[in-house]
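Dear colleague,

Please find the structure below. My notes on chain contacts and aromatic rings follow it.

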Amino acid sequence: MFRVRWSSWRQTQPDDRRKIVGEASDALRRMEERGEGGQSAFFSLIGHKGDLMLVHFRRSPDELNRVEQAIAGLRLGDFLAQTTSYLSVVELGLYELSLRLYSELGERGLAVGGAEWRQAIDEELTRQRRAEDARLWPEIPGCRYGCFYPMSKFRGEEKNWYRLPLAERQAMMRAHGMIGRKYASQVTQIISGSIGLDDWEWGVDLFADDPLVFKKVVQEMRFDEASANYGLFGSFFVGLRRSAAELGALLAIPDPTS
Amino acid sequence: MFRVRWSSWRQTQPDDRRKIVGEASDALRRMEERGEGGQSAFFSLIGHKGDLMLVHFRRSPDELNRVEQAIAGLRLGDFLAQTTSYLSVVELGLYELSLRLYSELGERGLAVGGAEWRQAIDEELTRQRRAEDARLWPEIPGCRYGCFYPMSKFRGEEKNWYRLPLAERQAMMRAHGMIGRKYASQVTQIISGSIGLDDWEWGVDLFADDPLVFKKVVQEMRFDEASANYGLFGSFFVGLRRSAAELGALLAIPDPTS
Amino acid sequence: MFRVRWSSWRQTQPDDRRKIVGEASDALRRMEERGEGGQSAFFSLIGHKGDLMLVHFRRSPDELNRVEQAIAGLRLGDFLAQTTSYLSVVELGLYELSLRLYSELGERGLAVGGAEWRQAIDEELTRQRRAEDARLWPEIPGCRYGCFYPMSKFRGEEKNWYRLPLAERQAMMRAHGMIGRKYASQVTQIISGSIGLDDWEWGVDLFADDPLVFKKVVQEMRFDEASANYGLFGSFFVGLRRSAAELGALLAIPDPTS
Amino acid sequence: MFRVRWSSWRQTQPDDRRKIVGEASDALRRMEERGEGGQSAFFSLIGHKGDLMLVHFRRSPDELNRVEQAIAGLRLGDFLAQTTSYLSVVELGLYELSLRLYSELGERGLAVGGAEWRQAIDEELTRQRRAEDARLWPEIPGCRYGCFYPMSKFRGEEKNWYRLPLAERQAMMRAHGMIGRKYASQVTQIISGSIGLDDWEWGVDLFADDPLVFKKVVQEMRFDEASANYGLFGSFFVGLRRSAAELGALLAIPDPTS
Amino acid sequence: MFRVRWSSWRQTQPDDRRKIVGEASDALRRMEERGEGGQSAFFSLIGHKGDLMLVHFRRSPDELNRVEQAIAGLRLGDFLAQTTSYLSVVELGLYELSLRLYSELGERGLAVGGAEWRQAIDEELTRQRRAEDARLWPEIPGCRYGCFYPMSKFRGEEKNWYRLPLAERQAMMRAHGMIGRKYASQVTQIISGSIGLDDWEWGVDLFADDPLVFKKVVQEMRFDEASANYGLFGSFFVGLRRSAAELGALLAIPDPTS
C-alpha cells in the first residue's frame, strides 16, 4: 500500500510528470500481464490508509523481492510512501481433504503421526497440489473492486481454535465455507496463509463487481461459529481496480473546478 | 480528517493564500450542494486529531474515490495532512423488520436459510429499501455541531454479541433505540455499517445544535445492555459545522492580539 | 500539549525570537486573565510527552475552537508541534444528588423513566446547576504543579461498571470521594466528563503545590474498589505552572555552561 | 532516551562538531558530579530505541525540568531526537515497615484510618525517611551496564493486585525481594514509583558489571508469584555506561574500514 | 532492520553511490567473516517492515554497540532509517538438562533452592556450557532465507506459563521440540532469550533454503500445547540472504523497463 506524496508531485514539472508516469505505467503494464512469473494488479484505495494497493502474485519470495526493488527503482517511487504490506502464500482449504485422507489412512491401519502416515499424507498432498495447480496459482480476477484484510484465529483462556479437535474445526470451516459458496457468483475469495511469514495467520483477498458484497459476505460470516468465536480481524483495505493505462489519470493533477 | 500545515501556510504569500482558498472554497461549495451525486459537509475539529473533518455522502465508492482525488488535487491539499478517514455505508436498522419478516416466513412454512426463504427475504429487503430511500440516502443535517465515532460489538469468551439469539439482540437494540428516540428532537443520528469495508463494524454520525447532547445521549446509552456489555468504541471526533464560504476565515492567519 | 521545535527555534534570529515571544506572551496573558469567556493556564511539562501544556476552561466548543485557532495563528505556532489534546466538560458528581432525588421521586410515586419522572429530574438538575455555578465554571487554581490524565470505567466480562446497580456505584464513589476529601487541603481536583466527546470517559486535572501529592492521592485511590476494579487510566502529564511572563525564560536558548 | 540524527551530524563541519561536543560534554560532566542538586549519568543504548539514555536523579520536578531545558538548549540538542522518557520518584519498600507499624498501632488501640492512626503513620514514615535518606537519595552506581524498564501490577477480573489483603501482598513482595537479595552483589536495583506521575506504576533501574545478570534476575523473578501473576512490563532499555569525557568518541564519525 | 531512503539515494551522484556502496560492502564483508569477535549476515527483507535486516552474533553488548556505531558511521547510514531491532542472548534449552539434574540433586539429598543446591546447579551449568560452546556461539547458517520473530509466554488469569510446575513445562517443551526435530534437516532454529534485555521474552531465528518451511514449522507448532495455549508472537520478518558483494546490486537504481 502506498500513499502518493501529492505535494512533491504537484511541484514536479508537467513534462517530468508525464515521463515519470510513462515509465511507471510501462512497468505496471508488464506486471499486469499474466505470465509464468506471475501477475500484478493495482487498485486505487479509498481513505487515508493509502492511495495505491499493488497486489503481486508470484511463485517465490525472490520474485516478490525483485518486484519490490523494481518499484523502489521507479522514478515514481520518490512520490510514493509505503504505508503497509502483507506477505502470504495461497493454500488450499485442506480440511475436507484431510478428513477423508485421515479416515483412509486409519482404515489402512497407519499410526497417526508415524513415518508411514506422514509419507502417505505428503504423497497425497503432492498429488492434490498438482491437480489443483490452478487453485494454487490463481489469476487475479478482473473485478471492479478489491478488498484485503488479514486475520487470525483466537486463542483465549477458554476458547482456543488451536486446541479444538480437527473434526470440530472442520465442521466449523465447512459451515463457514457454505456462506462463501452462496456468494460464489458475486465474489471471488482467495485465502492465503501467513503463519511464520507475516503478523497475522491469513490474508484474505476479495474481488467483486459490487462493493456492497464485501460487506454482505463478511457480515454474514461474522455470525458463523468459526468467525464469531474465533475470528480476529486486522485492517480492511478497499479499492477500485485500475489498469496501468489509467495511472496517468489517477495521478493527474485534477482541475478542482470540474 | 485533515490537519492544516500552519507553518507552510503562513509562509505562503497572502495573495497566493487568497487564490488557494478561493479555489478550495469553490470546490467545497459545489460539494455542499445536495444533488444526485450526494452531498458533503465540513467541520472545524476540536483538538489535535485534526483541523478539518470532511463528511461525504455518496452513492458509490467510485464517487468517494473521485472526491478524494479532487481534494488531493486542490492546491490547498499541499497544506493538509490526512490524519484518518472512515468508509461505511448507511444501513437501515433491520432488527424490527427482520423479526416480523421471520415470523411471517415461518408461518408460510419456508425453511430457514433455504432458497425460497432467502428469496423472500431479498424481495422484502428490496421493497423496504425502495420505500425507505430517504433513510438510505439521507441529507446531512444542518446542525451546528457534528460528532463521529466508529464502534464494534464485543466478542469475548463469555459474552459474544454474534452468538446471541436474534430475539435477544433485537430486544437489546430496541431498548437501545428507545434512548435514541428520546433524544430525537435534539440529535440526528446516522448509523452506517462498515463490516468488510473498514476497521470497525459501524460508524456513527451525530448532528446537534447543542454539543452537550452528544455527551448526554452517548452516556445514557453506555448504561443500556447493548452498549454496556457489547459496545466497543473507537476515537471520538467533535467539530463545528462550517460552510465553504467560511473556509477563508478558518484559514485566516489570525491576529493574535485580538 | 505541544513540543517545542528547538532546532528551528535556535536557528531563528534573536531579534525575531524576541518578537515572537512577545506576541505569544501577550496573547497568553490575555487568556490567563479570568473573564466571562473563561481562563487559560500554561505548564512546562516534564518528559518527552511535550514541552507545554495549555489548559483552557471555556464555556463552549466554539470558544475552545477560537482559542485553538488563535494559537495556531501565533508566529510561535511554527515552532510548536501539537502532541495530544483532550476535550471534556466539567460535571458535578451527581451520585449523592441522584440517590436523594430518586428516593424523593419514588415517594412522590413517579414511574422511573416516565415523562414526569424525567421532567422532575431535569428541573432538579437545572436548579442544582444554577446553585453550583461556581463548581461548574471553576477557576484554574494557582498551584505550582498540574497533573492531567484521562480515565474510563472498566467493562469486562465479569466486572462491568455500567451493569452495577446505582446504589453500588454510589457507595463506591462515596468511598472514592472520601480519599479525595482527605487530600482536599493539598490538592484541587477537577473532574470533567468526555463520553461522546473524546476517547476516554473522563479527564482529571489535579493541582497542587507539592508534586508528591499527585502520587499519594492517585496511589491511595488505586486501592479503593472503584479504582482497583473499575479504573482504566491513560497517560499522565505532569507540569510546572508558568505565567505568560515566564514564556521568554522558558524559551530562552539557555547557556549550557551555567 | 535520545536518537542521534547521524545524517545531520555528519554534514556538520568537523570543527563545529568539536565545539558542539565540547559544550555538551562540559555540561554533562557537571551533571555527572554528585552534589546537593543530584547526579546524572549517561548510557549508550543498544538497538533502535535510542542512542543515548540520560538518567537524572534530582530532588524535585523543578530541577528535572531545568535539566531538560539545559539539554534542549545545548547545540547538540539539534542533533538529538527524544524518543521517550520516564518520570518517577524513589520510594522505600514499605511493606515490611507497614506490617510492623500496623501491628504496633493495633496494639496501641488506634482505629485503622482514623485521624490518630494516620498521624502515627505519617510520623513513623517521616522518621523512617530521615533515617533512610541514603536510600531515598541514592547515588548512581558506577557499573558498566544499565537497564531500565517500567512496570505495573495486574488488575484483572479474577486476579487483582490492588484487591489482595496487605499481608498477602507483603508475603509475595518478601519472596520477590529474596530473589533480589540473592543477586545483591551482582546487581544494584533502584525502584521508583510513578503512580500519578507517568504511564506505568513503577520504574526499575538495574546496574551491573555483567549484562547477563539483567536477564538472570528478571527471568528468575518472572517465576515468583508477584511477577508471574501480577507483573506487567513495558519496554526494556539496555545501555553501556559512558562518561562525559567519552561523548566525543561516541559521536565520532567512525572510520568504517577499521 | 533498516529502510532504504530511496529518494535521497536516487538523488545521489552515481559516482558517489559507487563509493558509498564500496565503503559499506567492505565493512559488511569484514563483519561476515566469522572470527573470534563474532559474525554478521544481511538479508533483503520482504515488505514494508524494512529493506535490510542485519543479524549480528557477538560475544558482548559492547561489541554489538561497536557494530551499531560502525554502521551509523558509514556514509550509507545517511540513506538508512532504522525501523526496529532486537537484543537477545543465545541460551541452551535447559529443560531436559534441568529435569535430570534436579532428580540427581534430589537423590543426593540437597534442599531445593539452598546454597549447596544452587552451587551444584551453577557448576553443572558451567560444565554444560563449556561442553556446548558450539551451541552457545553458533555460526550463522548459510541458507537462502531467514525469518525472525520475537515471542513470549502467556500469563493469563487462568492459564499462566510461569505458574506451571517445571515437569509440565518440560513435557510441553519436549513435545514442542519434537516438531522442531522433524524439520531439523530443513530448517536451522536459533533460540535466544531476552527477558530483561528487550520487549519480548525470546527471539527466534529460522534459516532455511525453502521459505515455505518457515510456514510449515511455525504452523505445525501452533497446534502443540506450548504454543497454542502459551505462545504470544510479535512481528515476523522474512528476508533473502545476501552477501556483502551483492549490496551494490541490491542498491542499484534498477532499470524499470527490464
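**Chains and rings**

Chain A and chain D do not touch, their nearest C-alpha atoms being 13 Å apart; contact here means heavy atoms within 4.5 Å. Chain A does not touch chain C either, and the nearest C-alpha atoms of that pair are 13 Å apart.

This is a predicted model, in which local features need pLDDT of at least 70 and side-chain atom pairs count only at pLDDT 80 or more, while totals for chains, interfaces and linings use all residues. Residues are numbered from 1 along each chain as its sequence is written, chains are lettered from A and ligands numbered from 1 in the order in which they are written, and side-chain values use heavy atoms, with hydrogens and water left out.

Rings of Phe, Tyr and Trp (its six-membered ring) pair if their centres lie within 6.5 Å; planes under 30 degrees apart count as stacked, over 60 as edge-to-face and the rest as tilted. By this rule there are 45 aromatic pairs over all chains. One of them joins A:Phe233 and A:Phe236, tilted, with 6.3 Å centre to centre and 35° between the planes. In chain C, the planes of C:Phe233 and C:Phe236 lie at 35° with ring centres 6.3 Å apart, so this pair is tilted.

C:Phe233 and C:Phe236 are both buried (under 20% relative accessible area; exposed is over 50%, partly exposed in between, with a 1.4 Å probe and protein chains only). A:Phe236 has 3% relative accessibility and therefore counts as buried. A:Tyr86, A:Phe148 and A:Phe237 are linked into a cluster by ring pairs.

The charged end of C:Arg59 sits over the ring of C:Trp137, 4.0 Å from its centre (NZ of Lys or CZ of Arg within 6 Å of the ring centre and within 35 degrees of the ring normal).

Regards
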